[in-house]
Every structure is written in C-alpha cells, then in structure tokens.
Amino acid sequence: MPRFAIWARSVADLQRSAPGSRNDTIRAQIQVARRKYVAGVLIEWRGEFTSDEANVLHAAAFHTRVYDAAEWDWRLLVERHSLGWVLARDGGELVGFVNVLWDGLVHAWIQDVMVAERVRRTGLGTRMVAAAADGARAAGCETLHVDFDDSLRDFYFGACSFTPTNAGLIDLQP
Ligand SMILES: CC(C)(COP(=O)(O)OP(=O)(O)OC[C@H]1O[C@@H](n2cnc3c(N)ncnc32)[C@H](O)[C@@H]1OP(=O)(O)O)[C@@H](O)C(=O)NCCC(=O)NCCS
C-alpha cells in the first residue's frame with residue numbers, strides 16, 4: 001500500500017490493524033504515551049482524562065458555564081477526531097489541555113489550548129504546544145496550524161515560534 005494511503009487511514013482503522021503490520025508501527029507512533037515532568041507538572045501526550053475534568057478547565061479558561069459530559073464529551077470527541085492531545089497535571093489536577101486535530105496525513109492543528117489560571121505565565125502553555133508539535137511530527141505531519149486573537153500574538157508568534165501565514169474563517173452560525 002502506498003505510504004500516503006496508509007497515512008490517510010483513520011486512527012480507528014489503524015487500531016483495527018493486525019499486530020506486527022506497518023500500520024501497527026504507525027499506530028504506535030501516534031499513540032505512544034510520552035510524559036515528562038517540568039517543575040513538578042506532568043506533561044503527557046494522549047494521557048488519561050475525564051470529560052468532567054476537561055469541562056471544568058474549559059469553563060475557567062474561556063469563562064463559560066461548566067458543561068457536563070453529556071453535553072460535551074471530550075473523551076469521545078478526541079478518540080474519534082483527534083490525532084492526540086496534551087495534558088498537564090499538577091498534583092493530579094488537570095491544569096492544561098491542548099487538542100491536536102489533523103487531516104489524517106500531513107496537516108495538524110491545535111484547538112482548545114488552555115492552562116489553568118493559577119499556573120499561567122510559568123511557561124506551561126509554551127511547553128504544551130511544543131509537546132503537541134512533537135506528537136504531530138511523530139505521526140508524520142508536516143505542518144502545525146493555529147489561529148488566535150491579536151492579544152495572543154506574543155504567545156503564539158513569540159513564545160511558541162509559529163510563523164505568520166494567511167488564514168481565513170467563515171462564521172457558519174452567525
Ligand atoms: C493562552 C494561554 C494558553 C497561555 O498559557 P501560559 O501557560 O500562561 O503561557 P506561557 O507561560 O507559556 O507564556 C509564554 C509567553 O507567551 C506570552 N503570553 C502568554 N499568555 C499571554 C497572554 N494572555 N497575553 C499576551 N501574551 C501572553 C508571554 O510573552 C509569555 O511570556 P512571559 O510570561 O514571560 O511574559 C493561557 O493564558 C490560557 O489558557 N488562556 C485562556 C484560554 C485561551 O485563550 N486559549 C487560547 C485559545 S487560541
């Protein structure tokens with residue numbers, strides 16, 4: 001099977017592939033759990049988390065109400081749609097999250113980048129974005145995309161080293 005066709009298959013397909021196959025190797029690259037501690041905070045690629053934890057963090061980060069898991073089932077969504085995700089835990093508490101989506105081949109992008117207020121401006125967000133880039137690179141992706149408000153230019157262009165590019169949005173539910 002040509003390389004691009006293998007990459008184009010979904011993670012779910014890869015999970016069903018036979019042990020020992022080329023797909024198994026790719027699956028391992030995508031799913032391998034990478035974890036490291038930085039200043040006592042555990043940063044982990046594709047670690048375990050609950051939707052309730054993610055909803056609490058999301059509400060604090062984006063000033064929304066706390067959705068319940070039936071309304072926003074992060075676990076289900078990331079398993080179905082994401083290449084991976086990055087977690088940060090401080091003493092067990094979920095204090096950071098980055099969702100890494102992809103086209104199944106070469107493009108990945110980050111969404112839902114959030115760090116709990118009490119640990120902001122410690123470099124955690126920057127490290128988590130770097131871990132997201134590492135995860136996408138390991139899966140064979142060639143570019144990592146993000147979009148953001150003007151107020152976060154210093155974070156993404158400065159700290160995280162994204163380069164400016166043209167991008168666009170259509171508001172589908174104005
Ligand atoms: C944006 C966010 C993820 C940054 O996380 P963080 O852990 O505080 O980021 P870092 O500590 O790695 O920041 C590194 C540098 O980026 C810049 N930066 C970080 N947050 C910034 C902000 N809110 N405004 C402007 N610059 C910022 C600063 O230059 C900072 O360095 P400094 O602390 O020495 O000044 C965090 O503020 C957050 O969760 N915000 C709410 C949710 C959100 O808006 N997410 C982004 C969606 S696109």
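Reader: Two strands count as paired when DSSP finds at least two bridges between them. On that basis, which residue takes a positive phi in the hairpin of β3 and β4?

Author: In this predicted model, Gly91 has a positive phi near 60° in that hairpin, where two residues lie between the strands. β3 and β4 pair in the antiparallel sense over eight bridges, and Val86 stands opposite Val98 in β4.

Reader: What about the hairpin of β4 and β5, how many residues are between the strands?

Author: Four residues lie between β4 and β5, and Gly104 there takes a positive phi near 85°. The two strands pair in the antiparallel sense over six bridges. Leu101 stands opposite Trp109 in β5.

Reader: And β2, in which sense does it pair with β3?

Author: Strand β2, residues 41–45, pairs with β3, residues 82–90, in the antiparallel sense over five bridges. Glu44 stands opposite Leu87 in β3.

Reader: What is the strand order of the sheet?

Author: The order is β1-β2-β3-β4-β5-β6, in an open sheet of six strands with mixed pairing. β1 (34–38) and β6 (143–145) stand at the edges with a single partner strand each, so one side of each has no neighbour in the sheet. On average, neighbouring strands are turned by 20° against each other, direction ignored.

Reader: Why is β4 largely enclosed?

Author: Eight of the 10 residues of β4 are buried, so the rest of the structure largely encloses that strand. For the protein, buried residues make up 29% of the 174 residues.

Reader: Switching to helices: which strands does α6 lie across?

Author: α6 lies across β1, β2, β3, β4, β5 and β6, and runs at about 35° to β4. α4 lies across β4 (93–102) and β5, at about 90° to β4.

Reader: How far does α6 reach, and which of its residues are buried?

Author: With 15 residues, α6 reaches 21 Å from its first C-alpha to its last, close to the 21 Å expected at 1.5 Å a residue. Its buried residues include Leu124, Gly125, Arg127, Met128 and Val129. After α6 comes Gly140, whose phi is positive, near 95°.

Reader: Now the ligand, please. Which residues are closest to it?

Author: Arg120, Gly125, Thr126, Phe155 and Ala159 are the closest of the 19 residues that surround the ligand. Of these, Gly125 is also among the buried residues of α6.

Reader: Which element gives the most to the shell around the ligand?

Author: α7 gives the most, with four residues. At least two residues of the shell come from each of α4 (51–62), β5 (107–115), α6 (124–138) and α7 (153–159).

Note on methods: Residues are numbered from 1 along each chain as its sequence is written. This is a predicted model: local features need pLDDT of at least 70, side-chain atom pairs count only at pLDDT 80 or more; totals for chains, interfaces and linings use all residues. A residue is near a molecule or strand if its C-beta atom, placed from the backbone, lies within 6 Å of it. A residue is buried if 20 or more other C-beta atoms lie within 10 Å of its own, exposed if 12 or fewer, and partly exposed in between; C-beta atoms are placed from the backbone. Axes are lines fitted to C-alpha atoms, for helices over the stretch in contact, and angles run from 0 to 180 degrees between N-to-C directions. Two residues are in contact if their C-beta atoms, placed from the backbone, lie within 7 Å. The expected span of a helix is 1.5 Å times one less than its number of residues.
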